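Hi,

Here is the structure I promised to pass on. Have a look at it first, and then read my notes below.

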Amino acid sequence: MNQKIEKLKKELGKAVIGQEQMVEGLLIGLLSEGHILLEGVPGLAKTTTVNALSKALGLDFKRIQFTPDLLPSDIIGAEIYDPKNNSFRIKKGPLFTNLLLADEINRAPSKVQSALLEVMQERQVTIGDESFTIEEPFLVMATQNPIEQEGVYALPEAQLDRFMMKLLVKHNSEEEELEIMRKAATKSFGEVSTIFTAEDLQAVKEELAKIHIDAQLERYIVQIIASTRDPGKFGMKTLGSSIMYGASPRASIDLFKAAKAKAFLEGNDFVSPADIGFVVHDVLRHRIVLSYEARAQGIGTDEIIATIIKTIPIP
Amino acid sequence: MKKSPGSIVLRLLLVIVGITAVNAGDFTYKFALSDTTPYLKEAVVMKLDLEQTDHSKVLLFKFSPKKSEAYEFYRLDMKEEDAYHAAKIHYTYLIYPKRIGEIDITFDLIEMVTTDEKVAYSFSGDRDNVRGLNKKDIPIDLPPLKLHVKPLPKGTQIVGDFKLDYTIKKERASAYEPLPLTITLKGVGYPPVLDQIIPPNKDFSIFSEKPIVRTVRSEKGSRCTVTYPLALSAQKSFTLPEIKLKTFDPKTEKQNSLTIPKKQFTVTQPEPGTLVDKIDSPKPLQSDWGWLGTLLGYLVAFVAGFLSAKSIKWRPEKKVKPENALKAEIMATSDPKKLLALLIAADDRRYESIIRKLEKSIYSKRGPSLKQIKSEIDKIASEETL
């Protein structure tokens, strides 16, 4: 099965140059059934990557461009009047898909964000009097612009918590950019083929469930999460003034699942401390709410996570 | 100034001529003057009666004396008798000649001819649909009435039978403090509005307001009350000289004098310090160095602002560590697990392979030594600094 994963990575490489961390994060999300939030400035192939992933997996893919005038019914669907039958019928929105790309999610007002995030959690939509279950797999990959940009509505903490990982998409290296430029000029980006089926995905998930994680590492995960809520207890008193709210229990679950997925992608049947370490930043960075003092001093969540990793002893 | 028998005869003749009715086509008019040889500013009562003689028409009239510098006129009354096709109008005017010698009193008279139907039509309108009266205006040339105006006796200031009253509220005041004085002239005659009731005097200043004039006009003339609100002011004590106003009553042809007797006003010199007005007694000139204090204040504020901006304390702490800080931290670590934690905390994908090697070294006791791993890290970190 790992060969298939490697093949999948290669297939994605036809359309996406570099950005291995983003591709790996998306795969972790896919395998762990966790939604992914991609943050980065425009033009970093966020949309292209998600599009390529959907093609490679042979999953139904839809994209919603979030705008300030978007309404909840635009994404969920609505009951519309059918004059032929003189009755109302349900028109399902683009939410009914396997892979949903919510592009620039923070451009839409909070009521639309809430509508989407509710579905992400419940995997169920109610239109009129009827409820619909969203088919598995259902994965939301949302992109957002950095909140410092104009015309964006910051996602509330409670909604951010529903994303398994927040991936920071960085610029490509110079060599990678040179390759992108040349391929774009000659239009020689490869066509992504479908190499994965829904059955394959199910089989991967079953294998993933078999990945072993040691009890000490489980405790290590819980300690990492707990230290965000009470850093003083773990010998990090100075961090106390920098954190307003720590991570929720959902963070422990997601870190656990992500570490297992990472181990699977590495071809291991057990989780090592490094697997936890490779995903801990992505799982925690959007769940720690900084205090005003930390913001004033320019301290970021990544610095806090680094301090925690350095302090909590590795089993 | 007694009336001679000849003048009485002339006056009577003029009055009789005046009261003869004159036919003017559709109507007759009749003037009557109370006097044709008045004194300057003596009241003359003029009456005009208009009577329609052509009863087949509807007649309306518009009458007024023409304005002139030779006389003033005031309408006292107008009476109309609204008989059918038999208009009768009686006007009464009071006229004051303003120039001596022969003067002509001229008139504007317009005869307006219309019909019953047109009058009825004009009345048929309403508030939102006003209909004008369609009529034919015929200007009538009335011969002027002549007055032979006699001059007043020399020095006459007031014409009529007036009495003088005055009020001095206080006779003692501080320098330049106003001393209120009110002079009232009351009687029958030409309104005694004088430019200067008190002649200018170098010993004191006179402040005056516009005189308050109350007049009731009738055929007996104008009953007037003229009040002069005044105030006197001086630096030192002064005497208001006796004021004599010469009057002449045309009815009795007698001259009279209205007198305000000489009056002494005492003006005291106040202490300069108690004066509100400090201009006449300003404080001795002193050097004002207040500007220097203000300037120094601005300089201090500027320097303080400049220094505070420069102050390191106000700058946010530099969070950027030196580029080799991680390297130094790694090199100082002798504990492999600590080193593993440091590399994981760095969140740098370039260390991923090293992390895997280190992990293998820690948990399976295989792989490269700590020294070798540090050497590899050093290599990657050096690439970074390059």
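Before the notes, a word on naming: strands here are DSSP runs of E with at least two residues, and they are numbered from the N terminus. Please also keep in mind that this is a predicted model.

With that numbering, B:Tyr74 sits in strand 5 of chain B, which covers residues 71-83. Leaving aside residues up to four places away in sequence, B:Tyr74 touches B:Tyr93, B:Leu94 and B:Arg217. The arginine comes from another part of the sequence: B:Tyr74 and B:Arg217 are 143 residues apart along the chain, yet their C-alpha atoms are 8.3 Å apart in space.

You'll find it in strand 20 of chain B, residues 263-268. This phenylalanine has 21 other C-beta atoms within 10 Å, and the cut-off for buried is 20 or more, so B:Phe265 is buried. Its contacts, again without residues up to four places away in sequence, are B:Glu171, B:Leu179, B:Leu232, B:Ser237, B:Phe238 and B:Leu240. B:Ser233 lies 32 residues from B:Phe265 in sequence and 9.7 Å from it in space, C-alpha to C-alpha.

Next, a sheet in chain B. Three strands form an open sheet in the order 4-8-9, with antiparallel pairing. Strand 4 (58-65) and strand 9 (136-140) are at the edges with a single partner strand each, so each has one side without a neighbour in the sheet. On average, neighbouring strands are turned by 20° against each other, ignoring direction. Strand 8 (residues 107-114) pairs with strand 9 over five bridges. One to look up on screen is B:Met112, whose bridge partner in strand 9 is B:Asp137.

Finally, where the two chains meet: helix 13 of chain A (residues 301-311) packs with helix 5 of chain B (residues 336-346), their axes 8 Å apart and at an angle of about 165°. Because that angle is over 145 degrees, the two helices count as roughly antiparallel. Their crossing is right-handed. Which residues meet there? From helix 13 of chain A they are A:Ala306, A:Ile309 and A:Lys310, and from helix 5 of chain B they are B:Ala341, B:Leu342, B:Ile344 and B:Ala345. That contact comprises six nonpolar residues, no polar ones and one charged.

Cheers

Key
Residues are numbered from 1 along each chain as its sequence is written. Chains are lettered from A and ligands numbered from 1 in the order in which they are written. This is a predicted model: local features need pLDDT of at least 70, side-chain atom pairs count only at pLDDT 80 or more; totals for chains, interfaces and linings use all residues. Axes are lines fitted to C-alpha atoms, for helices over the stretch in contact, and angles run from 0 to 180 degrees between N-to-C directions. Helices (H or I, at least four residues) and strands (E, at least two) are DSSP runs, numbered from the N terminus. Angles under 35 degrees count as roughly parallel, over 145 as roughly antiparallel, 65 to 115 as roughly perpendicular and the rest as oblique. A crossing is left-handed if the near helix is turned anticlockwise from the far one by less than a right angle, and right-handed if clockwise. Two residues are in contact if their C-beta atoms, placed from the backbone, lie within 7 Å. Ala, Val, Leu, Ile, Met, Phe, Trp, Tyr, Cys and Pro count as nonpolar, Asp, Glu, Lys and Arg as charged, and the others, Gly among them, as polar. Two strands pair if DSSP finds at least two bridges between them. A residue is buried if 20 or more other C-beta atoms lie within 10 Å of its own, exposed if 12 or fewer, and partly exposed in between; C-beta atoms are placed from the backbone.
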